[in-house]
Each structure stands twice: as structure tokens, then as C-alpha cells.
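Thanks for coming, everyone. Please have a look at the chain on the screen, and then I'll walk you through it.

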Amino acid sequence: KMAAAAGPAAAAGLWSEVNRCGQNGDFARALKSVNKILQINKDDVTALQCKVVCLIQNGNFKEALGVINTHTKVLTSDIIAFEKAYCEYRLNRIESALKTIQSASQQTDKLKELYGQVLYRLERYDDCLAAYRDLIRNSQDEYEEERKTNLSAVVAAQSTWEKVVPEDLGLREATYELCYNSACALIGQGKLNEAMKKLQKAEELCRQSLSEDSDVTEEDIEAELAIIHGQMAYIMQLQGRTEDALQLYNQIIKLKPTDVGLLAVIANNIITINKDQNVFDSKKKVKLTNAEGVEHKLSKKQLQAIEFNKALLAMYTNQADQCRKLSASLQSQSPEHLLPVLIQAAQLCREKQHAKAVGLLQDFADQHPANAAEIKLTMAQLKIAQGSVTKACMILRSIEELQHKPGMVSALVTMYSHEEDIDSAIEVFTQAIQWYQQFQARTNCGCCVFQPKSPVHLSLIREAANFKLKHGRKKEAISDLEELWKQNPKDVHTLAQLISAYSLVDPEKAKVLSKHLPSSDTMSLKVDVDALENSHGATYVRKKAAKLTGDNQQKEQGQGEVKKKKKKKKGKLPKNYDPKVTPDPERWLPMRERSYYRGRKKGKKKDQVGKGTQGSAMTGSSELDASRTASSPPTSPRPGSGAAVSATSNVIPPRHQKPAGAPATKKKQQQKKKKGAKGGW
């Protein structure tokens, strides 16, 4: 009985300790007291709830969830729904947290707050927006500012990832968080200048609010501003100010912020700036995108963009297997996405497998007709790179939704003209013009509004006429010009073209049409002749007269219009010119074309050609006989005569001597020398 009585007394003291520690925020000490209470009564519901709360406050979410799942009979969903859902949310088990919230019998304010967070993480922005609106409408407490901040974050996410035009929520941007979210929404709409101003305002508000706290250092302020500076750098990058953006990105990385999501985004953006340059820096930066927990900090589209850039970096660094592996993984995750198959095709092209790349793109276009247009444009580009312009034209003409577009018509006509296939080029014009005629016929029935004189339609007819005139198809061009003239009888330019075309085919018809031209009297042509002559396109430009001063001006006035003639310089005569001798009339012709040229005499001076090294001179074949010179004593050069052998001396140095049969073996020596030349210079 004494032991039984001691139990409740001890429990009461422990509960007092738990209450005191909870108020002081000492949850580790409170947990020890709760465990002692559970030793007395292991199924105490209040003690179990307190234990779960202490574990959550200490960050032990996994252990807290384990306690909940172990005592399911005692801790029912009605009692512990919020704590269980919160543990699952913090452990990134978002789907499980959603199920726990939805299964709760009573939706408390705490559960609604958590429900909004869960929907945001699941990227269900429409439902999330509705949840936060309901919370703001039906609650009044000190957390209203936080709810408005979350609401603005949802709107920014919709604008950025779903391209939804955000509605004006009427939120007063009194905090830097609200300013930052508003700037993100503007970036999603492409209003970059306005977004930059909002970010600058957010930076100013952030500095003001943090500087009021004496415990906050300048480093803490810079760390808090890192995310704002990151968005500023992103705007600079979008505006083409890549150097400024890169500098700001690197400054943020040097601060070593603890937000792994921010670091991953900045590293990814630096990689996109580097592209195929500075790949060593990109390989270092890509490590930041692989940090633990990044996948829970970023949206699906952000993670997807990072994976795309990893695949491209692998391609640029010639890691073909890694590139194929990453792109194949991306394609399995998003089968309808274009980028994975384009990366695979690019890798095949780097490996000179163009046919395989085209086949891969063709298969994707067949499987996903909605994306076929962009894929076929890439296929056409590959064909052009291979030199198959005609096949590229066939691929482009198979894109039905682009056949009538002026850009496509221009490209096809240019390519066919390059291949000198004028008939096909004219056919492209004809098909495009017919499409607009059929569209006009369909829309004139009253289904929708269409301008009868479509500027694009008329422009195509005019371009077709000009093209036909350029390539000699005058009769075909005349029909187009007549159509244009009917559309606008006051168009003098078209009428002039029509008359010019008829003058080559039917002069009488040209005369009749010329009567419709306005007379020269009615035409008021205000032409500034001086400006026209001095324009850049003028073939003749009048030189401005130099200003004359003093004596020069008097001389100029005295001489009037007489211009000083320049004296012609006499031509120089050759040194051996003899005025008594008549110059050779054929002196301007090459020697071989002159009438007295008889050709070179063969065999002359053949014996006088030396067989030794360059510079040696030989007067005859008799000098090559070694027996005649062997008995002659060598002579030394006299002082002052130089070290070189005299040109008239018959003495041949020993290294220049050749055997008597040397001339007969000349051809063989030359052949050997030619064969041996391969191993020389």
C-alpha cells in the first residue's frame, strides 16, 4: 500500500517538472521527466503526447513518429493527427502527410496551416491558394503576416512555373519577404526592370529590419540578403549582362550560405553561363547541385533543369556514356519532353553518327505528333549540315502547321534557289498563297473575323512576283502583279512593275497600262539634289571646295575658272638605250613568241657542266682525268689572293674529284637521289 501511494505522489512531482521545463523551453530535460512518468504508467496518453512533442521540439522527428506508430491503440488519429502529419512533413514524406491530414476527423487551424504547406510542396498551387485564402479570412492572430507571405509565395510560384498571370491580392508590401515574392511574380511575367526595382526595395527593407537587432552582425545580414542578390543576378543574366551576373553569383558562393537549394540554383546558373567554355569551373560547380537535401528544396522544374545541364556538361566534356545515361533517365521521367532526345541526337552528331541522330528524332516525332514541328526543324538543320539541302526542304515542307508562315516560305525559297530548283521554289509560294485564299474562303462564311486584304497574303504575292521576274518567269509574274493591282489600283509601284513585265511580253498591253500612270505634272517630287549626291549610296559624291584665304583667294579670283594642268612625267629609258638604233618591235612579246626565236641548242656546253658541288667550275672533260693532275704539286694561294680557289685554276680539290665514268652514270645517281629524298627534308 505504501508503494502504491508513492506512485501518484512521484508522478505529480514529475508533472510539475515537465510543466516548468516546457515553459522554459528545456525540452530535453522535460523528456527525461516524461520517460519517468511512462515507467510508472506506460499507456498514459498525456505522457505519450508530451513525449512526442518533446521529441519534435528537439528535432527527433523519426523517433517521434516511431512512438506514434508504436502506440496506435492509445494515440488515435483524432488525438495525435497534427503531430503525426508534421513529423511526416519534416521527414519529406509529403504524400503520407497529406493522407494523415485528410483522414483526420476534425480539421483544426493547425492542420489547415500544415495542409497549405503540404499542398505547396506538392506543387498544387490552385488548391494551396484556396487554402491560404480561407485561413486568412477565418483567422485573426499574430501569424497573419506569415500567412500573407505564404499566399504571395504561392502566387509567385504560379507566375513562374505555370505562367499564370497573377491577380492583385491587395497585399501591402511592408516586409522584405512580400517584396521579394512580388519581384519573383514579375520575373515570371517577364517584367524584369520592375522586378529589379522590387528586389532593391526588398534589400533596403531587409537591412532596415535586421539592423534594428543589435545581435545581428553584418555577415548575418549578407547571408539573409543572399537569396535577394541571387534573384538580382538572375535578372542580369536574363538581360544579357552575364559578366555582372557571374560576379554577383560568385560573391554569393563565397559567403557559403547554409541554404543548399540557393547554392544549387546559383551553381546551375553559372554552368548555363559557361556553356561549352570553362568546363573545369562547371565541373566544380556541378558538385553543389548534388548536395544532400537539394531535391527537397527545389521545385520539379528546377531539378529537371539541373539534370538537363548535367547531361549537356557531360556532352561538352566528352563523357559520352554519362551523357547517354543522364539523357535516357530524363526521357524515362518525361517521355514527352523535347530536351532529352535533342541531347541524345547532339551526342550522336558529335560522334559523327548523323543518320542515327536523324532516325532517333524521326521516331520521337512519330510517337509525339504534338512536338513533331520542333523535332523536324532540328532534323532539317542536321540535313543541311550534311549538305542534303533537298532532303531538308522535304522535311520542312512536311510541317503542315508552318507551311504558310512567311519565315518558312522564305527559308524554303532560299534553299531551293541555292539548289537552282526554281520550280519547287515557285511551288512553295503557290501553296502558301493558296492557303491564305482557302482560309479567307472559310472565314468569310461568318465563323470568325478575317481581313479580306491580309497584309501577309499580299506580301507573299508580291514576293512571288518579284522572284518570278528575277528568274525569267514573266507570264507567271504578270498574273500575280495583276492580282496585286486589283487589290490596290492606286499602287503606282505595282503598276510600274506590271508595265515593265508587259513591255517584255506584250508591248501593246504595256502602252495601254501606261495611260494609268499619273502625269509628271501631278507628281510633286521634292528632291534635295545636294543631299542626294552626298548620301552614302551615291556613286558620285561632290567634293566640298576648300576654303580659300589670303593670297590663295586673290589668285583664285584672278585666274577665274582656269584650272592648272598637271605635267606628265616622262617615262624612264633603259640604260643601254641607243637613239640611233630602231627598237625591236617584238620587244614586248615573250622570247618564245618572237619570230626570230629558234629555240635553245641542245648539247651545247654539255661537257662544261660541273659534276661537283655548287660553286665548282670545270672547263672540259679532260680536266676530270685524275692521272693528269696527280703529278701536279698542290699550290697554295698567294697572300692577298683570298682563300677561295681561282676560277681559272685547273687544280681540283680531292673532295670534288669524280671518277672518269661519272657523266655516264648521271641518270642513275639522280634516280637514287630521288628515291632517297623521302627520308630527308
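One term to begin with. Buried means under 20% relative accessible area, exposed means over 50%, and partly exposed is in between, with a 1.4 Å probe and protein chains only. Now the ground rules. This is a predicted model, where local features need pLDDT of at least 70 and side-chain atom pairs count only at pLDDT 80 or more, while totals for chains, interfaces and linings use all residues. Residues are numbered from 1 along each chain as its sequence is written, and side-chain values use heavy atoms, with hydrogens and water left out.

The overall picture next. The chain has 31 helices and zero strands. Those are DSSP runs, numbered from the N terminus: H or I of at least four residues for helices, E of at least two for strands. Of the 681 residues, 33% are buried. The accessible surface is about 46000 Å², with 52% of that belonging to carbon and sulfur atoms. Those areas come from the Shrake-Rupley method with a 1.4 Å probe.

Now two residues. Asn268 sits in helix H14, residues 260-274. Is Asn268 buried or exposed? Its relative accessibility is 9%, so Asn268 counts as buried. Which residues does it touch, leaving aside neighbours within four places in sequence? Thr289, Ala305, Ile306 and Asn309 are in contact with Asn268. Contact here means heavy atoms within 4.5 Å. Also look at Lys285: its C-alpha atom is 7.4 Å from that of Asn268, and the two are 17 residues apart along the chain.

Gln347 is in helix H18, residues 338-350. At 4% relative accessibility, Gln347 is buried. Setting aside neighbours within four places in sequence, Gln347 contacts Met315, Ala320, Cys323 and Arg324.

Last, a helix pair. Two packed helices are described by the angle between their axes and the distance between the axes. H24 covers residues 455-470, H25 covers residues 474-487, and they pack at about 150° with axes 8 Å apart. Axes are lines fitted to C-alpha atoms, for helices over the stretch in contact, and angles run from 0 to 180 degrees between N-to-C directions. So H24 is roughly antiparallel to H25, a label for angles over 145 degrees. H24 contributes Leu458, Ile461 and Arg462, among others, and H25 contributes residues including Lys474, Glu476 and Ala477. By class, the contact has eight nonpolar, one polar and six charged residues. Ala, Val, Leu, Ile, Met, Phe, Trp, Tyr, Cys and Pro count as nonpolar, Asp, Glu, Lys and Arg as charged, and the others, Gly among them, as polar.

Key
Parallel < 35°, antiparallel > 145°, perpendicular 65-115°, else oblique.
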